[in-house]
Amino acid sequence: MSILDRFRKVSESPTKPGETPTQNKFDVADLYLGPVDTGQPSQAPAAGLDEKLRQAYFWIVNHGIISPFYDIEYNDGPPQTFVFGDLKANVTLPSDQSYSSYVLLPLLNLAAKRRCLLVGGPGRGKTAIAMIMGVLAGYPLKEVKRAIQHGQPQMTVTDLLGNPLPSTMVSAKSMDEVVIAWRKWLGMRVKIIDEYNRIPTRTQSALLTTMGDNYAELYDQIFECPEAAWYLTANDDAGGGTYQVIEALRDRIDVVVKALHFNTRFLSELLLRVEEGIRPEEIVPPSIIFTDSELDALGSRILQVEMAPELIRRLEFFASHFEFFEPAARQIEYMTKDTAKLASVELATLEAQATGKDKVADLGGQTLNGVSVRALMTAIIFIKAMAFFRGASRASFEDARQMIPFVLHDKLTPNLNSPYFETGSNSALRVDRVSWIRALFDDSCKEYDRLDLDRDDAVANVESVFEKGLDGVTEKEVKAQLVQIERTLGKWSKSRKLYGHMFDDILKLKYLHQRYSNYLKWLQWNR
Amino acid sequence: MAQESDPAPTTPVSEMQASAMQASAMQASSPLAQALEWGRERFNARYEHHTKALRRPVDPKEFSIHLMENMGTLVDAVAAHDPSSVNRVVEELFEISLELMSAGYVGLHSRYRLPEMVFRQLLPATAPFMAQNPRLVAGSLINAALAMESEPSARPEEWVERMKMAATVAKTPKGLLDAGIALSWHCGMAHFRSGALELARTMPVDLALHIFHREGAANRNELMERLSTKWTPGEEDDHTVKKTRKPVAVIGGFTGFGGPFGAPPTVYQDQDSLAARDDIADFIIFADRFGAVVKRREPAEPQSGVVKPDKETVRFVKSVFPNAVGGPQTKSWAWDGTTLAITLKVSHKVFLFSLRRP
């Protein structure tokens with residue numbers, strides 16, 4: 001086998017033994033799925049797309065990017081753990097197939113067609129992995145390279161989007177008649193913006209429209225972009241670069257991945273590549289390149305992955321900790337960090353009021369903001385994508401635990417004044433956001449288990465009755481529900497401090513109380 | 001002809017044309033040969049792209065044989081129906097053929113029979129629909145045939161024959177494809193039962209009565225009533241017959257021999273379905289008088305949907321199958337009200353019996 005053949009070798013199926021693509025539902029449309037593309041949007045080949053995705057992953061980690069890091073850990077039995085150093089660093093040997101976030105996340109981003117920010121020092125392969133994603137999407141390498149938008153301080157909106165044709169600029173009687181030569185990259189399904197934090201602010205706004213709303217606008221002309229996977233790179237995640245990145249643009253980024261350092265033990269591998277002149281993006285095996293219909297099918301297959309109600313409930317509970325901020329208002333609906341932010345008041349100023357809560361245990365105290373709807377939607381998509389990648393039709397708790405840190409990386413801002421970061425070895429979590437967010441999720445789940453919410457969830461009980469509908473519900477039943485809500489609120493008001501997860505529960509109960517009260521009034525009027 | 005002045009054939013299409021001309025003068029002037037001549041450069045570029053850029057090798061001679069032998073009748077039929085659509089149909093079929101041949105689904109050494117049968121027999125019968133949307137119709141029908149060929153209990157040849165008849169009544173490509181799904185169930189794809197029944201209920205009534213003419217129904221209500229009967233009424237419903245009772249289907253088998261089970265399975269009822277489990281995975285069992293299929297699925301929530309038989313059920317099943325409950329060879333049994341599944345300690349098969357409540 002030649003060196004080149006060795007680098008082109010794709011892992012044999014099954015890449016995840018014991019996990020074959022399975023289905024719980026049998027859709028009649030599956031009859032027409034197979035090796036021939038029928039031109040239908042939901043078309044997917046018979047061969048498992050998850051298997052192809054895994055083969056692409058293993059090719060990249062084995063031959064493409066040297067990334068010997070397994071920071072996304074899965075275990076199907078007790079893993080072996082070793083402790084090193086005075087700071088008690090844990091090293092876990094995972095017992096199930098585990099992954100390198102630096103390769104996996106960009107690949108999931110390609111499958112889910114979202115927006116991925118690759119951060120890390122120069123020369124760590126950020127642009128290389130983005131280019132490999134372009135090649136995996138079926139574009140020739142030359143086209144991918146030409147389509148990369150290199151951020152630089154002089155970059156104008158027309159540099160980014162396109163130019164009006166000079167002849168039409170002269171002859172046009174209205175803006176409609178100006179013909180724009182749109183840049184080719186706008187029509188591609190993989191978009192790469194290199195060093196996005198070097199783009200001037202005005203041009204960033206144009207980029208925001210393209211990234212956020214999937215169209216480009218110039219001289220009143222609109223270019224509708226296809227659904228695409230975006231890859232942005234930056235040397236500095238903390239707002240460095242030539243220009244400050246506008247907040248809205250940062251908010252559009254769905255997932256943040258760090259390019260880890262080069263492991264010097266792999267220098268001989270690097271030497272081989274230098275000597276043989278091998279560039280991974282030039283030798284991507286054709287069998288792992290996705291067609292357009294496969295990319296479309298990947299997106300729809302990911303969305304078909306189920307989320308168990310128990311997992312959704314845990315996500316709800318996790319997200320509920322952060323927005324609540326008791327000192328921000330007198331009326332409960334406004335007790336949010338957003339209220340303080342809109343008033344331009346530092347949380348620390350208001351925090352001085354004693355609320356009697358344990359500031360270390362209160363998870364909400366660790367952040368300066370809450371989790372947005374967009375971030376939650378993105379989290380759900382990446383959790384599903386992770387489950388799909390592992391060949392499962394239902395997302396697991398571990399899928400959520402592994403994906404949330406990367407999705408919320410730039411979405412949750414740590415409150416560095418929180419006493420939590422002073423305790424034990426938590427000071428490292430001030431800078432290690434992935435571990436911090438994972439710890440937040442773990443602590444949230446511990447609290448969820450302590451409250452025994454899987455079995456005793458007062459709000460879920462009331463909600464399940466309400467979801468059956470109000471049609472035919474008698475006055476007596478409505479009154480019983482109202483009493484149930486009032487009793488729950490009464491009990492909570494006596495026995496607990498007010499924490500973030502209770503905030504959403506109280507508001508939900510208030511909402512249900514209002515719905516039942518209105519219905520009761522109607523029943524009494526209709527009597 | 002333009003070919004006569006061309007240099008010696010060095011590209012696939014010129015090779016095909018040369019072969020076609022040698023084979024018969026008729027073929028050289030056939031709609032297929034004309035279409036190949038019309039798009040010669042484009043077809044050759046596609047072949048080059050497919051074999052070189054995508055690195056999916058296709059032997060040009062084998063490919064030309066496929067085009068001549070499998071596509072000629074179809075293109076003739078399309079030309080007779082709508083000559084203006086011939087070039088478009090050939091373009092799509094050329095592309096589809098490249099995909100199929102490079103993946104080994106057609107060709108001299110292919111182990112698949114059905115794609116060629118679809119090309120030669122079914123697609124010519126669907127010429128009006130091919131003229132409308134060749135990619136959708138040809139792609140779907142070939143995919144369906146391949147799916148049926150890989151399902152042990154399916155009868156794809158019967159499906160092809162019945163689809164040819166369906167094509168005479170269907171009015172649109174969608175109608176034809178809906179008929180294809182419904183008929184696939186009738187030809188052994190038991191897991192499509194509920195979806196096929198829904199299609200039978202909503203498709204045009206003349207099409208439904210035509211494709212299911214074997215049911216002998218006069219109107220839709222009668223048809224739906226007959227289709228929804230899982231097992232043929234007869235001896236199996238006579239609960240007094242005990243010793244002579246034979247299974248209506250035997251499914252499963254050991255993985256070493258191509259079956260789904262790594263160990264003798266255990267059957268159970270999960271909600272409305274019959275299910276099975278071996279040491280590794282869970283499966284759903286689909287069975288009716290048209291076929292029986294076992295499909296792997298994600299493990300259910302731990303025993304969440306499992307229905308345990310009540311005393312009355314146990315008494316009834318035991319009265320009809322005395323050895324099924326507690327018999328020395330029986331590993332497990334489950335009954336969903338119409339079908340009884342039994343597994344044995346020494347077998348990887350699942351034995352299915354028709355058994356309705358009296």
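## Helix 3 against helix 11 in chain A

In this predicted model, Leu110(A), Ala111(A) and Ala112(A) of helix 3 of chain A meet Leu295(A), Leu298(A), Gly299(A) and Ile302(A) of helix 11 of chain A. Sorted by class, the residues of this contact comprise 6 nonpolar, 1 polar and no charged.

Two packed helices are described by the angle between their axes and by the distance between those axes. For helix 3 (residues 101-112) of chain A and helix 11 of chain A, the angle is about 95 degrees and the axes are 7 Å apart, which makes helix 3 of chain A roughly perpendicular to helix 11 of chain A.

## Helix 2 against helix 11 in chain A

Helix 11 of chain A also packs with helix 2 (residues 49-64) of chain A, where the axes come within 10 Å and cross at roughly 105 degrees. Because angles from 65 to 115 degrees count as roughly perpendicular, helix 2 of chain A and helix 11 of chain A are described in that way.

From helix 2 of chain A, the contact draws on Leu49(A), Lys52(A) and Leu53(A), while Glu294(A), Ala297(A) and Leu298(A) take part from helix 11 of chain A. The class count for this contact is 4 nonpolar, no polar and 2 charged residues.

## Helix 12 against helix 16 in chain A

How are helix 12 and helix 16 of chain A arranged, roughly parallel or roughly perpendicular? Helix 12 (residues 309-319) of chain A and helix 16 (residues 397-407) of chain A pack at an angle of about 30 degrees, with their axes 10 Å apart, and this makes the two helices roughly parallel. The crossing of helix 12 of chain A past helix 16 of chain A is right-handed.

On the side of helix 12 of chain A, the contact is made by Leu311(A), Arg314(A), Leu315(A) and Phe318(A), and on the side of helix 16 of chain A by Phe397(A), Ala400(A) and Ile404(A). By class, the contact of helix 12 of chain A with helix 16 of chain A has 6 nonpolar, no polar and 1 charged residues.

## A buried glutamate in a loop

Glu281(A) lies in the loop that runs between helix 10 (267-276) and helix 11 (292-304) of chain A. Is this residue buried or exposed? With a relative accessible area of 4%, Glu281(A) is buried, since the term applies to values under 20%. Setting aside neighbours within four places in sequence, Glu281(A) is in contact with Met131(A), Ile132(A), Val135(A) and Leu141(A).

## Loop residues with positive phi

Most residues other than glycine have a negative phi. Asn214(A), however, has a phi near 65 degrees, a positive value in a residue other than glycine. Asn214(A) is placed in the loop between helix 8 (201-213) and strand 8 (215-218) of chain A, and its relative accessibility of 22% makes it partly exposed.

For Asp220(A), phi is likewise positive, near 65 degrees, in a residue other than glycine. The loop that holds Asp220(A) is the one between strand 8 and strand 9 (221-224) of chain A.

## Isoleucines in chains A and B

Ile142(B) belongs to helix 10 (residues 134-149) of chain B and counts as buried, at 0% relative accessibility. Apart from neighbours within four places in sequence, Ile142(B) is in contact with Val36(A) from chain A and with Ile96(B), Leu100(B), Pro115(B), Val118(B) and Phe119(B) from chain B. The C-alpha atoms of Ile142(B) and Leu114(B) are 7.7 Å apart in space, although the two residues are 28 residues apart in sequence.

Ile380(A), by contrast, counts as partly exposed, at 35% relative accessibility, and is found in helix 15 (residues 373-389) of chain A. Between the C-alpha atoms of Ile380(A) and Ala395(A), which are 15 residues apart along the chain, the separation is 9.5 Å.

## Chain A as a whole

Chain A contains 20 helices and 13 strands, and buried residues make up 50% of its 527 residues. Among its contacts between residues at least 6 apart in sequence, 77% join residues at least 24 apart.

Technical notes. Residues numbered from 1 in each chain as written. Chains lettered and ligands numbered in written order. Predicted model: local features only at pLDDT ≥ 70, side-chain atom pairs only at ≥ 80, totals over all residues. Heavy atoms only, no water. Helix = DSSP H or I, 4+ residues; strand = E, 2+ residues; numbered from the N terminus. Buried < 20%, exposed > 50% of the residue type's maximum accessible area, 1.4 Å probe, protein only. Contact = heavy atoms within 4.5 Å. Axes fitted to C-alpha atoms, helices over the stretch in contact; angles between N-to-C directions. Parallel < 35°, antiparallel > 145°, perpendicular 65-115°, else oblique. Left-handed = near helix turned anticlockwise from the far one by under 90°. Nonpolar A, V, L, I, M, F, W, Y, C, P; charged D, E, K, R; others polar.
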